Amino acid sequence: MSSGFSIVAERGEVRVRRHNLEGARAAAMVDTAEAGGLRAVLIGRLTYRDDLLAALGGHAPVAAGDAALALASYRAFGVTGIERLEGEYAVAVIDPAERRVVAGRDPMGAYPVYWTRRGGDFALATTLRPVADFRGDIEVDRRFVGEKLMIGFSQLDYRTATGLRGVSRLVTGAVLVADLAGGGIDVRRHWDWTARLDDPGTDDLDAIAAGYRARLEAAVRERLSGTVAAHFSGGMDSTAVALIARRQSARPVHALSIVYERLFGLKDETPYIDAAIAGSGLVPHRLSGDAIADFDDPEPLRLYDEPVTGLYQTGRDIALSVATAGIGADTALTGVGADELAADAPYYLADLVRGGRWREAWAEATHWGRENATNPMRTLRPFGVEPLVPAFLQAGLRAALAGGFAPLSRQNPWTIPPWVTREFARETGMRARSLEVLRETFRGGDSVVLSHALAAVRHTAGDIMRSHVAAPLGVHIAHPFRDPRLMTYALGARLRIRPRPGEQKVLIARAARDLLPEKITGRREKGSFNAAFFQGLNKNLPHLERLVEEAPVDGIFDRPELLAALRRTALAVDQLRGINGLNHSLAIARWLHTLPRWREAPDVATDLFPDQAPV
Amino acid sequence: MQIEVITGSSMGSGDAPDAVALGPHAALVLDPAGASAVLDMAGNFYGVSALGAALLKGALRFGREATARAAARRFGIPEERAAADLDRLIGDLSARGVLRRGDDAGTGRSDGGARIAAGLLAGIFRLTGSAALRARAALLFARLSFALFGWRPTIDAWRARFPEAEGARRVDPAEARAIDGAVRASAARNWMGADCKERALACFTMARAAGLPASLHIGVALYPLGGHCWARIGDIVVSDDAERCNRFLPVFRYA
């Protein structure tokens, strides 16, 4: 079960509770504060507290916690005070004088917020179960299921709909004001990435890298709290974060690495981990990756509020969180979030083509071809031409003629898998949504580069593992690369510097070149987890087949077709991009299968303010 | 357990009269923990289930009857059924030319055509010492030869036409890089492109023509199933990045 806090305003009383966070460490994940008759509750952590304290001046709180700071900000600035908060959090303030509840989430959605109304009563929570209980009836939202099937690579945190009808999601970078007297709900999205884009003001890579480095260091520093562990894969991102943390922390920083001794493709990663650890001062810890297979899902099945993006790799995520807690760490730093804005896809080629600079586009594609030992079209077509093709053709002409459907061997992220029933696809508008998202991805801004980057940000916001796995263990997962101050700068940098063939993540490599061993910065590409995926799929095939057979997917999937696809995929003969549909479908099937048990499972709740305040 | 590669040369026909063999350009790649594959350089690559791979390996090593008996015992099924399943698998792979009895004779018009192509290329090499022109010609002829005559005749003919020089010279890394660079530059300018085997063969041919020791390598990736071809001049990987090539499990080497 997921965890967090809930606020239920019913019959004039407001009850605030903590859910599924037992034991001192886990309970500390939720912070509360009271002042001036107002109450605040917060899960997660605020950052750049000093900046906010400076802005508060004489209104600074006496108490030290994050909930107290959030409450002080609200008292000083009103609803805008919630918008000003920075960090990885979800927060709510109960204001009896105004008879309202005000809630907010950070722009990258570290913790979810769900809400619903029932007559004049209102419920809001960072865990879905109390909201569902408040509502009473639950019914699966089929349109949401269709969305998840079609855009399953996304956490869908930008959608107000959830998996349950009648339960809404507070989207990222938004504030909700619930008028408990009049019954109105006002949701205001205050965070606009485009408007906040931070232009470096130069094309000089070294200058931009210096600015990036400064912001990354600040992002890490702001997230150092308690005992710190850093995920340490030997890749550029997590290594940079861990090494920065080590330099900044007066306390030991633990480095957690998953190492492989047998898995082809990943067993060669160990030398990179060794090179980065050597002489770093980090305290190394190693987990055997060979023992954690993809799709491992021991019975009884873990219960998730919503279908899990990346279900297949939850075993690794869980193992890392458990290991983090095992060494007594309160904070887990990761390298998550760097790829979205620092990755190497040369979409600037599409902007050149769109701008009529065809000769330059061809010269660039030739340069990429020479460096990557491929022909120019291998670069120009996917990054220079396809983004400009009308959305209805991007998934392929055959798919366009077939209503978006494609056989397994021709699946891509924008096609409908053949095992989805036509009726369901039509009812939930899967094809239309796919085209809308395609347009947003490549035509959502002035440039394809910016458009694609914004889409990456939108679709990666949200994190189901925090509230389901890490928080119950008393661990706060922190993603420095998802610090909005760093991200807005990185967005600006994307428009200034181009990726370079043969060089991984130019900006990060340059920003961290004094930190990272040349062995890491000189790599062209990291090891892939493909072997882990397919071996895990083969190992767990009987269990997954049973899942498909037992899950209530009638009317959504053609079961025999899905089973056939599952078995064929296990042979690993099809393109990787065709696997998305299968992954999303398994996530849906698992969620539907566990929903009844989720509904009945114990939800361990503790009152946070035992004297219930009338509102 | 490690991934195992079985080729026609590594596991010859067993002593059993009903033993089968892989063709000289075919390989069985078995991953006990995942998917397996049968590679036929003259044709296609095939994904094989764990059971199919185990049956095939048994047939290669012990022959059809012994394998059927062992499968029947292991899975508790009638021997006739195990034999029928195995015959279906062997028949399918034999029809595709992956399994055969005796060596592949390899004669015919396709071989002659490949020999002519190799000869024409050798003639062009005699006319020009320009690396750029040689690279362009080698890539073009490689493309034509593979397309018209197929893998095996092309490889056999070109190896014969461009043999390794006796007492091949020591490899100067700069010379190897120059050949690599010329082939990559030519491939990058070619709007039709040049795939890995064409680039590899071009590098191989240019190196041999220059008296350098060279070899061709085929590797396989199981996840997803795919192959890659590259060349080495001495120990130096050319025609592609060494880092990328290292991600493929070596299966064939032609020297």
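A disulfide is counted here when two cysteine sulfur atoms lie within 2.5 Å of each other. By that test, a search of the whole structure turns up zero disulfides over all chains. The structure is a predicted model, in which local features need pLDDT of at least 70, side-chain atom pairs count only at pLDDT 80 or more, and totals for chains, interfaces and linings use all residues. Residues are numbered from 1 along each chain as its sequence is written, chains are lettered from A and ligands numbered from 1 in the order in which they are written, and side-chain values use heavy atoms, with hydrogens and water left out.

C203(B) is in no disulfide, and the nearest cysteine sulfur, belonging to C229(B), is 10 Å away. C229(B) is in no disulfide either, with the sulfur of C196(B) as its nearest, 5.6 Å away. Are these residues buried or exposed? The word buried is used for a relative accessible area under 20%, exposed for over 50%, and partly exposed for values in between (1.4 Å probe, protein chains only). C203(B) has 0% relative accessibility and so counts as buried. C229(B) is buried as well, because its relative accessible area is 3%.

The next topic is the meeting of the two chains. Contact means that heavy atoms lie within 4.5 Å, and the contact takes 33 residues from chain B and 32 residues from chain A. The area buried between chain B and chain A is about 2400 Å², with carbon and sulfur atoms giving 55% of this. Buried area is the accessible area (1.4 Å probe) that two parts lose on being put together, summed over both. Between chain B and chain A there are seven residue pairs in polar contact, both residues being at pLDDT 80 or more. A polar contact is a pair of N or O atoms within 3.5 Å; within protein, one must be able to donate a hydrogen and the other to accept it, and residues adjacent in sequence count only if both atoms are side-chain atoms.

Which elements of chain B supply at least two residues each to the side that touches chain A? These are β5 (45–48), α7 (173–189) and α9 (242–245). Helices (H or I, at least four residues) and strands (E, at least two) are DSSP runs, numbered from the N terminus. The most comes from α7(B), with five residues. By class, this side of chain B has 17 nonpolar, seven polar and nine charged residues. Here Ala, Val, Leu, Ile, Met, Phe, Trp, Tyr, Cys and Pro count as nonpolar, Asp, Glu, Lys and Arg as charged, and the others, Gly among them, as polar.

R199(B) gives a close-up of the place where the chains touch. R199(B) sits in helix α8 (residues 196–209) of chain B, and counts as buried because its relative accessibility is 4%. A polar atom of the R199(B) side chain lies 2.8 Å from the backbone oxygen of A373(A). A polar atom of that side chain also lies 2.9 Å from the backbone oxygen of A194(B). Leaving aside residues up to four places away in sequence, R199(B) touches several residues, including A373(A) and T374(A) of chain A and H228(B) and D240(B) of chain B.

A salt bridge is a side-chain nitrogen of Lys or Arg within 4 Å of a carboxyl oxygen of Asp or Glu. The whole structure holds 64 salt bridges over all chains, yet the count between chain B and chain A is zero. One of the salt bridges joins D297(A) to R590(A), with the closest N and O atoms 2.5 Å apart. This pair links distant parts of the chain, 293 residues apart: D297(A) is in the loop between β14 (283–288) and α10 (314–326), and R590(A) is in helix α27 (residues 580–600). Both D297(A) and R590(A) are buried.

E364(A) and R498(A) form another salt bridge, the closest N and O atoms being 3.7 Å apart. E364(A) lies in helix α13 (residues 358–372) and R498(A) in the loop between α21 (484–494) and α22 (506–511), so the pair ties together parts that are 134 residues apart in sequence. E364(A) counts as buried at 19% relative accessibility, whereas R498(A), at 35%, counts as partly exposed. Salt bridges also link E88(A), R223(A), D463(A), R466(A) and D483(A) in a network.
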